[in-house]
Amino acid sequence: MTNILNEIGIENYIFLSVILFCIGVFGVLYRRNAIIVFMSIEIMLNAVNLLFVAFSTYHQDAQGQVFVFFSMAVAAAEVAVGLAILVSIFRNLGSIDINNLKNLKG
Amino acid sequence: MNVSVLLIILLVGAFATYFAGDKLASKVALLFSLVAFGLSIALLNSYNAGENISFFKYWINKPAIAYSLTADGLSLIMLLLTTALTPLIIYSSFENEYKNAKSFYALILFMSFAMTGTFLASDGLLYYIFWELSLIPIYFIALIWGNGDVEERKKAVVKFFIYTLAGSLFMLIAFVYLYQKAGSFLIADLYNVKLSRVEQFWIFWAFFLAYAIKIPIIPFHTWQAKVYQKAPTVGTMLLSGIMLKMGLYSVLRWQIPVTPIASKTYLPILIGFGIAGVIYGSIVALRQKDLKKLLAYSSLAHVGLIAAGCYTLNIDGLRGAVLQMLAHGFVVVGLFFAAEIIFRRYETRTIADMGGIRSQAPKFASLFMILVLASVALPTTFNFIGEFTVLYSLSQINIWFALLGGTTIILGAYYMLKMYQQVMLGETNARVFADVSFHETLVLVIIIAVIFIFGLYPRPINNLITPALDQILRTLFRIQ
Amino acid sequence: MIHIPDFAHASTIQIVFCVLAFITVITAFLAIFSRNPIHSALYLVICFFTIAGHYLLLNAQFLAIVHIIVYSGAIMILFLFTLMLMNLNKQNEVHKPRITRLGAIVSFCLICIVLILVFINSKPIEGEYIATGEDYQSIKVLGHVLLNEYMVPFEFASILLLVAMIGVVLLSKKEKTEK
Amino acid sequence: MNTNLALLLLLAPLLGFLFNIFFGKKISKTASGIVGTLTVVLSFALTLCFFSKINIDQQPIKIQLFDWIQISNFRVDFGFLLDQLSILWLLFVTGIGSLIHLYSISYMHDDENMHKFFAYLNLFIFFMITLVIGSNLLVLFIGWEGVGLCSYLLIGFWHKNQEYNDAAKKAFIMNRIGDLGLLIGIFIIGSLFSTLDYTTLKTAIASSANLDLAMISLAAFALFIGACGKSAQIPLYTWLPDAMAGPTPVSALIHAATMVTAGIFMITRLNYVFDLAPEVQNIIAIIGAVTSLVAATIALVQTDIKKVLAYSTVSQLGLMFLALGFGAYEIAVFHVITHAFFKACLFLGSGSVIHALHGEQDMRRMGGLKKVMGITFITFLLSTLAISGIPPFSGFFSKDEILMTAFEHNQALWVIASLASLMTAFYMFRLLYLTFFNEFRGTEHQKSHLHESPALITFPLIVLAILATIGGLISLPTNSWLNSYLAPLFSKEAHEAHHFGTTEYSLMAVAVLGGLIGIIIAFVKYIKQTQVPAEDAEITGLAKVLYNKYYVDEIYDAIFVKSINALSRFFRDYVETTLSSLVFGLGKVTNEISYQGKKLQTGSIGFYLFVFVLGLCSIVTYLFLAQ
């Protein structure tokens, strides 16, 4: 059994995940809709997960994948809690435009 | 038995007072403070008998901090001052009603604990901890139980707190630097660490800032008058009677021996600071309208002279300074108590509202007069011995120092007698002034007795402190 | 040293990778840019599927399945439910001011350039990709690792999920402020 | 035995003080007065014992109690020295003190706080004894400050009157200026000789080869400043006339006979120091002469009977300093003693007059008292003759000695001193005439109550008048008992008895003639022409300047008191606030920084994220470049 990376190369995974990550960052900065912001965060998480798996293969080690599991668990929890917060914000403010959330202004 | 027992007693006392409830608090606090006083007498005895009363235990390994308490003559005498004044101060407040008395008295004992620790600690960081710890209770005492407008009080007290804290921070920096050099916070190691001139310069002024604010030496005194005025009298007594002496003690214990070259170099400047304080404080005191503020400025003047004595770096100056510290501690407590006695009856501290008390309260007038005379250092009072010795040591350095410092004799008499005249003398006051009660008399009589006993026979104190001061000077001049 | 795929002589795997990668990036972009949040969510689902494809490509079958279950199956459904709950599909999002968008684009470019340059210049240790032939990512092995070495974090993860669950229930419950 | 007796001598008045302070109120006024008097009489009796003892064996008695102040290279003990000088001083301190106590029993009988008065008087005697018998300068200093304190307490005895309190305060503070001088002197002596003990000091000075004469002069000068304060010399004399606010026995005891002579005692005690500083001695002589003239001129026009006596005291003290300046210590001491007799008598006499007039002190409201107050008048007359230097009264001998010494050393000063004594004769007789002769000028009410004072008042007057008359016997020009008695004290040979030739006799004649001229002028003015001094508002010209004491008080007030108060106000209102605002300024700066920094927190998440990304980029870049 050959290593799949012989065919594709670890760099390409790196680039892919970098691009995905940057798209996530861009989404967070660009959009005002909190749900889309959340989705962008998910994209960033996935970019990292992808890199984990790629390196797990590279090192032929299961530990990378184990971390992906944990990361998924955290992501799931985060999304659940985050969306719940969003729902309650929506209930209170009638909008989820992040520009309206300026209570942190000093 | 060693000195840490004393600390434990005071700390336990603080808790016990808190849990005793508002009604019993003052009595429990008095009991514990008296026990502490008795204990410190016992410690003195065992020290005189040559027993080892120090305590040493490593506390934190890295950085190396030891729970190290050492008592020599100097520490012991300051200890005695603290433990003797604490019951007196507590007892003096017996006729006052305080809200939440349990916290009040617990804080007093806690403060006493912290100050005792400061006088005993021989590890730099431990000392620093006690030093800062003593600030917390007085902050609350002044803030919560103080008098006058709340906003102004808050302003004054917060200023005091932050100001002294900021000063101490420089001391902490100095300690950290010393630790880098010496690898230990223990005082003996700090004494032995080799420092260059420039290093000594920085460390010296860092220490100076902390102590100058605490003592206070002008121009770092601006917190003092307001806080004295706003704090409850008990707080003022604690501040002026004991806490100021922490700064002076620290000058002798920490600043001078650690930075000998700098101390010798800046000797004239520092004496100048002290004497400027004497003159400035006396002159400002002349025109104060508030009795407590006047006493605050008089305290500034006296403390300036003590500081000048500390910085003379000769045995007379040091001994005089210590004697004067003790004398000033008692007298200033007495004077503030006299102000409190008037306040209890007239509800005012404005001098202009007083006058004509003497014909109504002859007993109080006599006791107050004696305190005033002690404060102006009449011979046979304890203050005279201190003042004379300090002035003598100043004259050894330069006769002009003695002359300028000696203006305290004239100006002190001027503002104190002027105050006494405006407060006590004149046509009988229209308002009734009940003469001093038993409690009040007892407090004043104890203070006066101390003033006269040691004013006539200071030898026990001399014998106790002289070896310790000699040791400091030997360290200072690096004589083995 | 960048490994440029030789498209003329590309192997099947390489083609599959390129296609998958292309879809991933495009759908990610679309997810961000589409006006309608429902569309965004659907694009994102596709994106996640392609990522699962990458996992499969890397021989991590279990992970791919879990990924599909968790992300596409749970998280995205949650998103869709929320969107429908809020009835946001019609909501027209007001565009951000130009300066904000400019800032977003600048930072996007910046982070892209920085990261890519860093990775390019980081001079990875050149070497043969090892293939020990050992089984390291079957369910059996993973389960072993997960429940031996990482047992405590595993349990903590479960607690985390439990706590999240409770928290969500509490958060989304209607507050009884009217009393 | 000596120790116990000496301690009893010292402590008896202290016990009297304690008794009167604690129990005086409980017993009757007279009883407290008697207790006070008895303690002083006891001291006097003991002094007589010591006096006879020292006359026999000539040996000073030294008593060491315990150590007091520890200085690096020496120690100051509580120690007492009973030698010729201190016993002499004790004699008249306790002697006159007893008489004045006796006098006060009657004089103060109407005062509700009589027990306190006696307590303070006793305390004063105690401190005066301490001052006199201390064996070193610091014990002297205890007494020195202590008598100042008692003077303060007694001047302000009627404490409801703020003017009296001002006078008391002034006395204390001016004394303290002198005290600082004394302390500086003590410091210099201590550091030069490592001792403050008189006998050790004397031997140290005698035995040391190379003395630092400049420092010794400085010390002597500083000590002289101290003496100036206590003995009311220029420039520190203004407190003494004001001190007349106190009850009259106090003026007699403290401000005429005893306390004010402390400066002379101290200089005499340290004669061996002053002998080494001739330039300081010159200053002393000049100051003494000038003081005596200035005070005499002021006394010429005063109308308050006690003020006249006060300025006369200053003037006489000036004469004593003149003698001290010439190194004629025994002459100064002689004048101290005679002055104590006649001035105490004069003050007590004036007290008797004031008592009869119910507190009236203005001579313009007196007159004609000769008829009703016979004993007072006669004693007063005898004392006035004594102070005017008319032979054979005591003042003649002492004053004449001083003038003669002055003539020998410095004729300019002699002229000044003679002028002063001429004026003395004038104003004293002016006082006498205005008070006792012609018609009574007071109110009818006062007139109806005129009476001779009771025996308790007149008895001390008689005793003192006798002493004032015959006191000169102790030091006759040719055969001076005093000189030989005091001889052991002085390092150089006692002043040779003046060689009596034509010069001396003519000098004597001039002095007597001067006195007579003064008396005659007064007689012409106040008896023949029956003039009465003008009312305050009508005084003009030079008389006004004199009447207002050369405006010295006002000048001092303007220069020192006002300026220091202005400085105090300036410090309080400007310096304090500036310093305070500096400290607050630090806080304000911090506050402002934080306020400006707060604006960064816009609350816009987009902005935060943007900054966050930038930060991330820079960190990554940094980490990468740092490798």
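The legends below describe close-up views of a predicted model.

**View 1. Fold and extent of chain A.**
Chain A holds four helices and zero strands, and along the sequence these follow the pattern α-α-α-α. Along the principal axes, the C-alpha atoms of chain A fill a box of roughly 55 × 25 × 25 Å. The radius of gyration of chain A is 18 Å, whereas a compact globule of 106 residues would have one near 13 Å.

**View 2. Burial and contacts within chain A.**
Of the 106 residues in chain A, 53% are buried. Counting contacts in chain A between residues at least 6 apart in sequence, 49% join residues at least 24 apart.

**View 3. The side of chain A that touches chain C.**
Here 64 residues of chain A are in contact with 70 residues of chain C. The elements of chain A that give two or more residues to this side are helix H1 (5-8), helix H2 (10-30), helix H3 (34-59) and helix H4 (63-93). H4(A) gives the most to the side of chain A that touches chain C, with 21 residues. By class, this side of chain A has 44 nonpolar, 14 polar and six charged residues.

**View 4. Domains of chain C.**
The domain assignment divides chain C into domain 1 (1-93), domain 2 (98-123) and domain 3 (138-172). The centres of domain 2 of chain C and domain 3 of chain C, taken over C-alpha atoms, are separated by 35 Å.

**View 5. The annotated span of chain D.**
An unreviewed UniProt entry places the feature "domain: NADH:quinone oxidoreductase/Mrp antiporter transmembrane" at residues 135-424 of chain D. In the model, residues 135-424 of chain D are 77% helix and 0% strand. The end C-alpha atoms of this span of chain D lie 37 Å apart.

**View 6. Helix H4 of chain D.**
Helix H4 of chain D covers residues 114-133. At 1.5 Å a residue, its 20 residues should span 28 Å, and the end C-alpha atoms of this helix are 28 Å apart, in agreement with that expectation. In H4(D), 20 of the 20 residues are buried, so the helix is largely enclosed by the rest of the structure. A residue counts as buried here if 20 or more other C-beta atoms lie within 10 Å of its own.

Conventions: Residues numbered from 1 in each chain as written. Chains lettered and ligands numbered in written order. Predicted model: local features only at pLDDT ≥ 70, side-chain atom pairs only at ≥ 80, totals over all residues. Domains from an automatic or database assignment. Contact = placed C-beta atoms within 7 Å. Nonpolar A, V, L, I, M, F, W, Y, C, P; charged D, E, K, R; others polar. Rg over C-alpha atoms; globule rule 2.2 N^0.38 Å. Buried ≥ 20, exposed ≤ 12 C-beta atoms within 10 Å, placed from the backbone. UniProt positions renumbered as here; feature names shortened; annotations may be inferred. Expected span 1.5 Å × (residues − 1).
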